[in-house]
Amino acid sequence: MCLHKMEQRVAGLGGGQLFDGAMLSELCLVEKKQEVTKACLLEKVHHPEVKTVAEEEVLYRDVLVGATQATRQLFDACMQLREKFRRSTTYKILTRTTQPSHAISMLFVSFILLVLWPNLVGQSPATEAEAAVDSSACPASQTRANVLVSLAYFGSFATHFGAQMWMTFVSGLALYFNLPRHTFGRVQEILFPKYFSMGTGLSVVTLLTFIKLQQTAHPELLSANIRSWDPLVILQLVSLALCAALELIVWLYLAPPMLRLMHQKYHFEASETVGQEVGHFSGTENAQLRRSNHYQNVHKRFRQIHMATAMVNMVSLLCTFVHLHYLASRVQLL
């Protein structure tokens, strides 16, 4: 059939052109390929499964593009609100004065004391009996509340412990030994405030939920004086509260001046084309920086605050390990 068509085409072209058998065979192969291609296209159009897959792929792409655009618009809106807040007077007061730090510290201490106040002052036996009756009134609702409290407790503690391990032993060391020093400092400038603010919040949640779980497991503790609590439980309260307080101090009082000193230090070093080296830099390798008393004072002060921050972070990690040991000693495998 293919040869017959080729002969007809040759006859139509006239006798002025000569075609041999090889050329006719090649033209026949081209014709067959075109017919196969047309058949495949017709099959794709009329086959319902292929059509369904194509429609699903188009729908998936449309949904993915729409979700990406919506996420981008939400992110842009948040960034605009953030920039608007940064230009406000409230932001200047919060970041350039120490009064907000004192207020946050007072709120933190007041909230902890408010939660522990019944146990600090103790209550009468009649009040203890009323608390016991109230605790046994609605067991179903209390069970649901206990599940939520347990979820918040274990979730906050696990997240906090994981963040501490990652920032202390993985992220910090990996970036320090692989990035230029100034680049590493810019990254830590973003991570430090978020790390310690998140740690403070998670420590407070862990502390409050731990108190709530203890009072639920032992209803007599609802109104008992805290001196009558188990010493091991009191140790956990102290370690969690100390961890939260230390991270709060770093977040509000150590990180801001440390970052300001880092900016001053980097400004001096950039003027001397220093800062792209990886790892430790003492400031004595450059003659101009070594002779600058102002740079040496800034560098010394920065190192002191940075060392204090590192020590506080290790102490807070130790407090977390104390509570981790407490949990491990009470885990019972099913």
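Predicted model: local features only at pLDDT ≥ 70, side-chain atom pairs only at ≥ 80, totals over all residues.
Student: What share of the residues is buried?

Tutor: Buried residues make up 28% of the 334 residues. Buried means under 20% relative accessible area, exposed over 50%, and partly exposed in between, with a 1.4 Å probe and protein chains only.

Student: Which residues does UniProt list as "transmembrane region"?

Tutor: The unreviewed UniProt entry lists 102-120, 157-179, 191-213, 233-255 and 310-328. UniProt positions are given in the numbering used here, feature names are shortened, and annotations may be inferred rather than shown by experiment.

Student: How far apart are the end C-alpha atoms of residues 233-255?

Tutor: They lie 32 Å apart, and that span is 100% helix. For residues 310-328 the end C-alpha atoms lie 27 Å apart, again with 100% helix and 0% strand.

Student: New topic. How many salt bridges does the structure hold?

Tutor: Five. A salt bridge is a side-chain nitrogen of Lys or Arg within 4 Å of a carboxyl oxygen of Asp or Glu. Side chains of opposite charge can pair when their charged atoms come close.

Student: Where do Asp76 and Arg72 lie?

Tutor: Both are in helix H3 (residues 48-86), four residues apart, about one turn of the helix. Asp76 is partly exposed, at 30% relative accessible area.

Student: And what does Arg181 meet in a salt bridge?

Tutor: Glu277, at 2.5 Å, N to O. This pair links distant parts of the chain, 96 residues apart. Arg181 is in helix H8 (residues 181-217), while Glu277 sits in the loop between helix H9 (231-271) and helix H10 (287-291).

Student: Is Arg181 buried or exposed?

Tutor: Arg181 counts as buried, at 8% relative accessibility. Glu277 is partly exposed, at 26%.

Student: What about Lys265 and Glu269, where are they?

Tutor: Both lie in helix H9, four residues apart. Lys265 is buried at 4% relative accessibility, and Glu269 is buried at 0%. Salt bridges that share partners join Arg181, Lys265, Glu269 and Glu277 into one network.

Student: Switching to rings. How many aromatic pairs are there?

Tutor: The structure holds 10. Rings of Phe, Tyr and Trp (its six-membered ring) pair if their centres lie within 6.5 Å; planes under 30 degrees apart count as stacked, over 60 as edge-to-face and the rest as tilted.

Student: Why is the pair of Phe161 and Phe321 edge-to-face?

Tutor: Their planes are at 85 degrees, so the pair is edge-to-face, with ring centres 5.5 Å apart. Phe161 lies in helix H7 and Phe321 in helix H11, so the pair ties together parts that are 160 residues apart in sequence. Phe321 is partly exposed, at 38% relative accessible area.

Student: Which residues form an aromatic cluster?

Tutor: Tyr153, Phe154, Phe210 and Tyr326 form one.

Student: Last topic: holes. How many cavities of 30 Å³ or more turn up?

Tutor: One. On a 1 Å grid over the protein atoms alone, a cavity is a set of points where a 1.4 Å probe fits but cannot get out, and a pocket is an open set with protein on both sides within 12 Å along at least five of seven lines; lining residues have an atom within 4 Å of a point. The largest cavity holds about 40 Å³ of space. Grid points are joined across faces, edges and corners, and a volume is the space filled by probe spheres set on the points.

Student: Which residues line the largest cavity?

Tutor: Phe157, His160, Ser203, Leu240, Cys243 and Thr320. H7 and H9 each supply at least two residues of that lining.

Key. Residues numbered from 1 in each chain as written. Heavy atoms only, no water.
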